[in-house]
Amino acid sequence: MKILTKRAFGLFLLLILFFLGLLVFTIEYGKDAPIWAQHPSNKYYFLNGQPITAGKISDRNGEILFESVDGVQNYNKSETVRKAVMHAVGDSYGNIVTSAQVATGDRLSGWDFINGAYRFNDKLNAGSDLTLTLDAQLCSEAYKALKGRKGTVGVYNYKTGEILCMVSVPTFDPENHPDVEANPNQYEGVYINRLFSAAYTPGSVFKLVTAAAAIDKLDQIDTKVYQCEGETIINGEKVTCPSTHGTVTLKQALAKSCNITFAEISLELGGKTLQEYAEKAGFNESMKVDYIKTAIGKADMADAEGGDLAWAGIGQYTDTANPLSFMAYVGSIANDGVRITPCIIKKDKGVRSFLPDFGLEKKRILSKKTAQSLGEMMRNDVIEEYGERNFEGLELCAKSGTAEVGGDQKPHSWFVGFLDREDCPLAFVVVVENGGSGSKVAGAVAGKVLKTAVEKSVAN
């Protein structure tokens, strides 16, 4: 009897271990099966490490960006287009982890949890097509406008969330893969999509966050005046301004990008309030854009004081911003304070989408009144400082940033904003690494891209 009891107990223990193992496998399968299926050793999908068959990747206008048939990979006919959308589409070796070829590889190949790689007929084995929200020709214009300089350009519809332009440089022609390791300077960070996966010191574009907090928290901020003498000492630390602006209001300070005024405003607000508004703007969290998680822009100023707090409110200190997240923030300013999360997979009716469409993801970032006040000030920036003639017909609202990065390097050049047009509701971000003046360098890139966008009416 004792022997039978021991055997029954042993069998029971084995059954428990078996079902635990099955549970662990099921969980791992649900989590990682698409990754397992897309391994180059899978002979159903790959031949000599290259995809055998996959669906087409097209832009919003039906222009084919990539397709793979019987192991032969074909990209767009235009070399400029291929370079411009390389980070969105991917290269032939899966080096761009945020690209469509990698992030949606299972769906492009037609793999699913039920059938896996096995197919009953050729039709099912043909893979699934993917339509991106991008406009290939607009991306080409952005690529040309950057003129080989490292950086990124993003444009999206702040009403629908669709990303129309996404360009990251350096890039290369995926049909002529270069020797990246032999040219480290030229191709530094080439596999990084700078719009999604980079974080930069924001510089003066962060003043939009500080200004939002000031509008909400400081009494009579509309009429209050500040005095700028070009520099000031705060708790023994010097805070400088590029110019001596004299007596200025908040509106004038934003247009002139007056560091002294925003330093004083930051001290009035305090670190906890600035931290609160930075986090409302999307700092310290990743944004999920369909299949992509963005890099996290960081703001750590809750306990900052004196000169550190002053520089934090100006957009220096330890602040970093992800370009796409900041683009979404200025999009919320344009959209009466409501942020529409950007997307890159087209979800038109009749076009198969790989992601369930639960409707637009909306989040209130600012009150309607605060957003409108910021928008009016950004419009004034263009009229008074950046030159309406440089952006004629765009109804542009913008803020520039010249972000100091230390050492002997030139500052990063930022330009962010939106078009205040019902027929073309676009928000944008441009970052040119070590480009210098934000309004002159990144602003010039933005002007070319936005004029093309309006001429093409890509927002429709």
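At what angle do helix α10 and helix α12 pack, and how far apart are their axes? Keep that in mind as you open this predicted model, and let's walk through it.

**Stop 1: a helix pair.** Select residues 259-269 for α10 and 306-314 for α12: the two pack at an angle of about 115°, with their axes 8 Å apart. Turn the view and you will find that α10 passes α12 in a right-handed crossing. To see the contact itself, show side chains. From α10 come Asn 259, Phe 262, Ala 263, Ser 266 and Leu 267; they meet Gly 306, Leu 309, Ala 310, Trp 311, Gly 313 and Ile 314 of α12. Colour this contact by class and you get seven nonpolar, four polar and no charged residues.

**Stop 2: helix α11.** Now select residues 271-280, which form α11. Gly 271, Thr 273, Leu 274, Gln 275, Tyr 277 and Ala 278 are buried here. What covers them? The cover includes α8 (207-217) as well as α10 and α12 from the previous stop. Step just past the end of α11 to Gly 282, where phi is positive, at about 110°.

**Stop 3: the cysteines.** Searching the whole structure turns up zero disulfides. Select Cys 241 and look for its nearest cysteine sulfur: that of Cys 258 is 4.0 Å away, and Cys 241 is in no disulfide. Cys 241 counts as buried because its relative accessible area is 10%, under the 20% cut-off. Cys 343, at 12%, is buried too.

**Stop 4: a five-stranded sheet.** Next, bring up the open sheet with strand order β8-β7-β19-β18-β17, paired antiparallel. At its edges sit β8 (163-169) and β17 (396-403), each pairing on one side only. Neighbouring strands are turned by 5° against each other on average, ignoring direction. Zoom in on β7 (residues 151-157), which pairs with β8 over six bridges in the antiparallel sense; within that pairing, Val 153 has Val 167 of β8 as its bridge partner.

α14 (residues 368-386) lies across β17 and β18 (412-419), running at about 75° to β17. α15 (residues 438-456) also packs on the sheet, touching β7, β17, β18 and β19 (426-432), and its direction makes about 35° with that of β18.

**Stop 5: Lys 56.** Finish at strand β3 (residues 54-58), where Lys 56 lies. Is Lys 56 buried, partly exposed or exposed? With a relative accessibility of 33%, Lys 56 is partly exposed. Draw a C-alpha to C-alpha distance from Lys 56 to Tyr 75: these residues are 19 apart in sequence and 9.8 Å apart in space.

Notes
Residues are numbered from 1 along each chain as its sequence is written. This is a predicted model: local features need pLDDT of at least 70, side-chain atom pairs count only at pLDDT 80 or more; totals for chains, interfaces and linings use all residues. Side-chain values use heavy atoms; hydrogens and water are left out. A disulfide is a pair of cysteine sulfur atoms within 2.5 Å. Buried means under 20% relative accessible area, exposed over 50%, partly exposed in between (1.4 Å probe, protein chains only). Axes are lines fitted to C-alpha atoms, for helices over the stretch in contact, and angles run from 0 to 180 degrees between N-to-C directions. Helices (H or I, at least four residues) and strands (E, at least two) are DSSP runs, numbered from the N terminus. A crossing is left-handed if the near helix is turned anticlockwise from the far one by less than a right angle, and right-handed if clockwise. Contact means heavy atoms within 4.5 Å. Ala, Val, Leu, Ile, Met, Phe, Trp, Tyr, Cys and Pro count as nonpolar, Asp, Glu, Lys and Arg as charged, and the others, Gly among them, as polar. Two strands pair if DSSP finds at least two bridges between them.
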